[in-house]
Amino acid sequence: MRTEVFEPDVTTGELELEERHSLRRVAGLSTELTDVTEVEYRQLRLERVVLVGVWTEGTIADAENSLTELAALAETAGSEVLEGLIQRRSRPDSATFIGRGKVDELRDVVVATGADTVICDGELSPSQLRKLEQQVKVKVVDRTALILDIFAQHAKSKEGKAQVELAQLQYLLPRLRGWGESLSRQGGGAGGGSGGGVGTRGPGETKIETDRRRINTRISRLKREIKALRTVRQTKRSKRTSSGVPAVAIAGYTNAGKSSLLNSLTSAGVLVEDALFATLDPTTRRTAAEDGRVFTISDTVGFVRHLPHHIVEAFRSTLEEVAYSDLVVHVVDGAHPDPEGQVTAVREVLGDVGADRIPELLVVNKMDAADEETILRLKRAWPDAVFVSARSGLGIAELHVAIAERLPRPAVDLRVLLPYDRGDLVARIHRVGQVLETRHTEEGTELRVRVGEQLAADLAAFRM
């Protein structure tokens with residue numbers, strides 16, 4: 001497989017990483033709102049946090065892995081994790097997520113550690129958030145809000161920012177609540193009756209109703225923008241499809257090394273960072289196999305256990321890139337404590353977007369950081385997988401070969417004689433087809449080729 005790419009001294013990814021690190025949050029800032037009229041739609045500012053999880057099924061190792069992942073998410077968002085707590089229950093408490101008797105214990109831990117935020121490992125209902133926050137006396141955030149906050153930090157493109165904002169608004173709309181006295185303030189009317197002071201008495205919208213209406217208006221506008229951007233994406237996709245260029249999509253768990261692998265395969269120079277959801281905007285590069293067949297390879301947004309459905313719906317147009325590909329390179333973190341769980345979580349999301357029927361090549365990354373026992377276990381579980389290390393280059397050559405073997409091959413065999421003034425057709429055959437034999441004659445270039453149906457129709461006049 002060969003790739004002709006200009007390699008600058010400093011890649012775009014390195015510049016993005018430098019910019020991101022220069023904007024890290026400063027510990028010690030207050031998280032309290034100064035304007036009590038603001039509703040709870042605001043950017044999260046996480047600092048010193050305590051994690052809380054409810055273990056309802058599986059083993060204790062599964063519960064600990066989930067809380068460890070939550071800690072990594074919190075650190076990616078810019079917070080400092082002080083403590084992690086797990087409670088064993090058949091199901092989360094309907095009122096306060098954890099058992100009511102454990103809320104006081106949680107409050108004691110918050111006071112003892114000096115935490116200003118509690119992050120729950122699950123999606124809490126509006127009433128659960130409100131009641132738990134009232135009792136622990138600090139900000140309470142659930143897993144979904146945390147992931148949405150990270151997405152908001154890392155989105156760069158216009159489409160990515162619109163998708164993240166849509167997901168945030170859809171999540172926060174049912175959770176809107178007044179802050180201080182804002183629930184009872186009136187936003188209209190000037191007649192008699194009681195209310196919020198001169199000019200606010202009488203019939204009219206409450207502050208919460210005004211915010212809800214404005215957010216609904218914004219959601220409608222974002223949906224129109226994303227629909228228009230989706231049309232642009234579909235147009236680009238249809239052009240690639242009509243040209244006969246195969247498409248390969250790199251999918252996998254967040255922080256499994258997808259961007260590193262794309263850089264190793266194509267020298268793309270995209271952002272690489274040891275953090276969850278470091279890159280959200282898909283990157284597509286054109287490359288070629290050793291036999292000359294050209295194909296595109298795309299990096300996609302990472303997945304995670306219990307990926308919020310708001311994210312899946314908002315990013316559906318982006319995730320559909322996987323569904324329309326010819327091959328999915330499914331990247332797994334071989335050094336992760338539960339790689340099998342990663343594969344299950346990714347395949348669930350692929351099924352949600354209709355990509356579960358696409359041929360899959362399993363690639364286990366980070367072999368330089370995995371222990372021997374894990375490698376042997378995974379090789380027994382996945383005998384057809386390719387084991388690589390994007391950092392050291394181990395197994396990358398084998399991955400090139402494996403991808404080339406699984407690329408769709410043109411279906412029509414032809415023998416054609418092309419005049420020397422039709423070099424455009426020769427170049428097109430090399431670009432999207434497969435040349436089996438070449439011979440130069442007085443009349444022109446004689447080729448035995450294997451091409452797609454559309455190109456075969458264009459070559460019909462030159463068939464021998």
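Colleague: Which residue in β13 is the bridge partner of His-440?

Modeller: That's Thr-445. Keep in mind that this is a predicted model.

Colleague: What makes β12 and β13 a pair?

Modeller: Pairing takes at least two bridges between the strands. Here 6 bridges join β12 to β13 (residues 445-451), so the two count as paired. They run antiparallel.

Colleague: What is the strand order in the sheet they belong to?

Modeller: The order is β11-β13-β12, in an open sheet of 3 strands with antiparallel pairing.

Colleague: Why are β11 and β12 said to stand at the edges?

Modeller: β11 (412-418) and β12 (434-440) each have a single partner strand, so one side of each has no neighbour in the sheet. On average, neighbouring strands here are turned by 15° against each other, direction ignored.

Colleague: Which helix lies across β11, β12 and β13?

Modeller: Helix α14 (residues 423-432) does, running at about 35° to β13.

Colleague: And what makes a residue of helix α13 count as buried?

Modeller: The cut-off is under 20% relative accessible area. In α13 (residues 396-406), the buried residues are Ile-396, Leu-399, His-400, Ala-402, Ile-403 and Ala-404, so each of them falls below that cut-off.

Colleague: What covers those buried residues of α13?

Modeller: The cover includes the helix α8 (258-266) and strands such as β5 (247-252), β7 (294-299) and β9 (360-365).

Colleague: How much of the protein chain counts as buried?

Modeller: Of its 464 residues, 50% do. The secondary structure of the chain comes to 15 helices and 13 strands.

Definitions and conventions: Residues numbered from 1 in each chain as written. Predicted model: local features only at pLDDT ≥ 70, side-chain atom pairs only at ≥ 80, totals over all residues. Heavy atoms only, no water. Helix = DSSP H or I, 4+ residues; strand = E, 2+ residues; numbered from the N terminus. Buried < 20%, exposed > 50% of the residue type's maximum accessible area, 1.4 Å probe, protein only. Contact = heavy atoms within 4.5 Å. Axes fitted to C-alpha atoms, helices over the stretch in contact; angles between N-to-C directions.
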